[in-house]
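Colleague: Before we turn to the questions, please display the sequence and the structure.

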There are 2 protein chains.
Amino acid sequence: MTLPGASPALGAPLVELVLARYRERTVAELLRHIPEQSPPYLYDLAADYPTRPCKGLRAALCLATCAAFGGRSERALNPAVTVELFHNGFLVHDDIQDGSELRRGAPTLPARYGVEVALNVGNATNLLGLRRVMANRRGLGGELAWRLFEETELMCRQSLEGQALEIAWIRDNVCGLTSTDYYRMCLKKTSWYTFLYPCRSGLLVAGGAGADAGRLDRFGWYLGAAFQIQDDVLNLTGAAEEYGKEIAGDLWEGKRTLMLIHLLERATPAERARVVRHLSLTRAQRGPGAAAEVGWLLDRMAAYDCVAAAREAAAGLVAAAGREVAAVLAGAPEPPDEEAAQALAFLAALPDFVVARGR
Amino acid sequence: MTLPGASPALGAPLVELVLARYRERTVAELLRHIPEQSPPYLYDLAADYPTRPCKGLRAALCLATCAAFGGRSERALNPAVTVELFHNGFLVHDDIQDGSELRRGAPTLPARYGVEVALNVGNATNLLGLRRVMANRRGLGGELAWRLFEETELMCRQSLEGQALEIAWIRDNVCGLTSTDYYRMCLKKTSWYTFLYPCRSGLLVAGGAGADAGRLDRFGWYLGAAFQIQDDVLNLTGAAEEYGKEIAGDLWEGKRTLMLIHLLERATPAERARVVRHLSLTRAQRGPGAAAEVGWLLDRMAAYDCVAAAREAAAGLVAAAGREVAAVLAGAPEPPDEEAAQALAFLAALPDFVVARGR
């Protein structure tokens, strides 16, 4: 089958087009299900993050996967809204946990309304997601609705466990990690809800409750890891205005990135001891010398080519995701219409698109 | 039908006995489903609050309702564990939101591990609850499992909305509330997950997916309101060691209790203006005169008999709950065994037991 979007140069505009179209449909449907009767500072604010400027990647992936594998994308609209709601609910809780100030170019909900309100809004957003899972029963039938419930529970579990793993590494100052540990954490923390869950949901809607939901798992895993590495690289190198987060914030937090793991592996024993000591201290304990220490970490990462190595790893993962998706799409049905053809092209072009963002 | 526990004097030991027996079964079953494979600071800590000293009222209510209405309580064990998990998940999030230091006689999870870990543990506990809802499909069949899923979503929604209502009142300094507003908030914030949801779950397990789940709703509503009023009274008057929370903390927080609503209704215009001004300030804005101001509020509440009025209201609600439960239990089947007989007596004796706690 010819995949019009398989070349990166042609693929990006198509990806943007499909993202924009699916995002419009998803946001409209999402807003339609925000309850109007509500105490203030609850459902009204659950609509805040989803309507800020963003790509809507996860919902689009769900809809495109369904269309590419022979389903009608309207049937996947409710699962796509579910994906988007949980994503946004997680973001609200993440912003509480990280004490973040900015999200999608505006103050975070905890920064604007405090932790008490924001925690409720995160819970309300997840609960609205769960209500969408229940609504599948009417729209898709009991068997498929139950399968999507299972998928949703699995996705929440993977995401929570991945995040807990990362928190535990920082908290217990774990310094002997390998890239394998990092990739396993990425699979759980990032890949699952960003790629596997949307693809699995789309495949189930297209093929029914008995369909093989895992056909795109490896594609999603590779792409999620590339996505996370890219995110970590941008945190170290990106321009603040463009990226909207504190530069090198991850080094202040002690986040276990591929770059940090590489640095710990490559540093001399004396350097390694200095890195481990930096990581063992809280922000408060580090005192006024902290900025210089973060500068030294950046310098050592440059000296050992840690960022270049991470970019190379991401590129390898993107290539693997591209091969993987091409192989799976070869088994997809002939596209019956324009939407299905574009959905196939969208999936094929996604790997290059994902890693090109923010560059 | 004779209800052996209907007299308060005889009822309390029976209530304690039933609570202890059902708590033992519930906690054992709950712990059996805590995943062993886990990153640290996640599922391990989800077992923390449920194993601290507590009555296990909600789980017992679910099991007793099932047994009293002709079901085998083993069938309600999984729903009882679900009730207990969500309750404990809410507690973890509440402790983050309120900045609480103590829970069941020991440091709260956020006090001990920080907000980042605690928020995850709250989410993990709720997710374990959701897994129990899924497990009903095997144990109770698809139709009943789906009904219990609906009940769980409804309970989460009511609880969140009730809590949001209370937060919004404080945040927007709403001072024109009536006792009707307060009771509506209680129904959502307290009664639903503490009484209605356990009873409704127990009735559904006993009677099947088509059963009338709402037979004990009014009982639960009245009792929940009495329970909440009692809680608010204890916050003002209880001994710190016994109750384990900051005395008059509600007055520092500006919590809209029945006592505060009464005070705002009964105070002179000048006093009312002073109360409203106190409520409009944050803790930081109140400065060093705050303790004296809280003392003045307590004094005015005493002068206007606000605590006595609240106690009277609670007593009226307990009596109404007692009449309500007696009427509903009159329609319950003849108890086939000792457990069913004790479950009936437990339900009948619960109103007096609930309001006698902490006195």
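Colleague: How are H5(A) and H6(A) oriented to each other?

Modeller: In this predicted model, local features need pLDDT of at least 70, side-chain atom pairs count only at pLDDT 80 or more, and totals for chains, interfaces and linings use all residues. Residues are numbered from 1 along each chain as written, chains are lettered from A and ligands numbered from 1 in written order, and side-chain values use heavy atoms, without hydrogens and water. The axes of H5(A) (residues 77-98) and H6(A) (residues 109-140) come within 8 Å and cross at roughly 160 degrees (axes are lines fitted to C-alpha atoms, for helices over the stretch in contact, with angles from 0 to 180 degrees between N-to-C directions). Since angles under 35 degrees count as roughly parallel, over 145 as roughly antiparallel, 65 to 115 as roughly perpendicular and the rest as oblique, H5(A) and H6(A) are therefore roughly antiparallel.

Colleague: Into which residue classes does the contact of H5(A) with H6(A) divide?

Modeller: Contact means heavy atoms within 4.5 Å. Ala, Val, Leu, Ile, Met, Phe, Trp, Tyr, Cys and Pro count as nonpolar, Asp, Glu, Lys and Arg as charged, and the others, Gly among them, as polar. The contact of H5(A) with H6(A) divides into 17 nonpolar, 11 polar and two charged residues.

Colleague: How does H12(B) lie relative to H16(B)?

Modeller: H12(B) (residues 258-266) and H16(B) (residues 306-329) have axes 9 Å apart and pack at an angle of about 125 degrees. That makes H12(B) oblique to H16(B).

Colleague: Which residues does Ile170(A) touch, not counting residues up to four places away in sequence?

Modeller: Ile170(A) lies in H7(A), residues 142-171. At 27% relative accessibility, Ile170(A) counts as partly exposed. With that sequence exclusion, Ile170(A) touches Glu253(A), Gly254(A), Lys255(A) and Arg256(A).

Methods
Helices (H or I, at least four residues) and strands (E, at least two) are DSSP runs, numbered from the N terminus. Buried means under 20% relative accessible area, exposed over 50%, partly exposed in between (1.4 Å probe, protein chains only).
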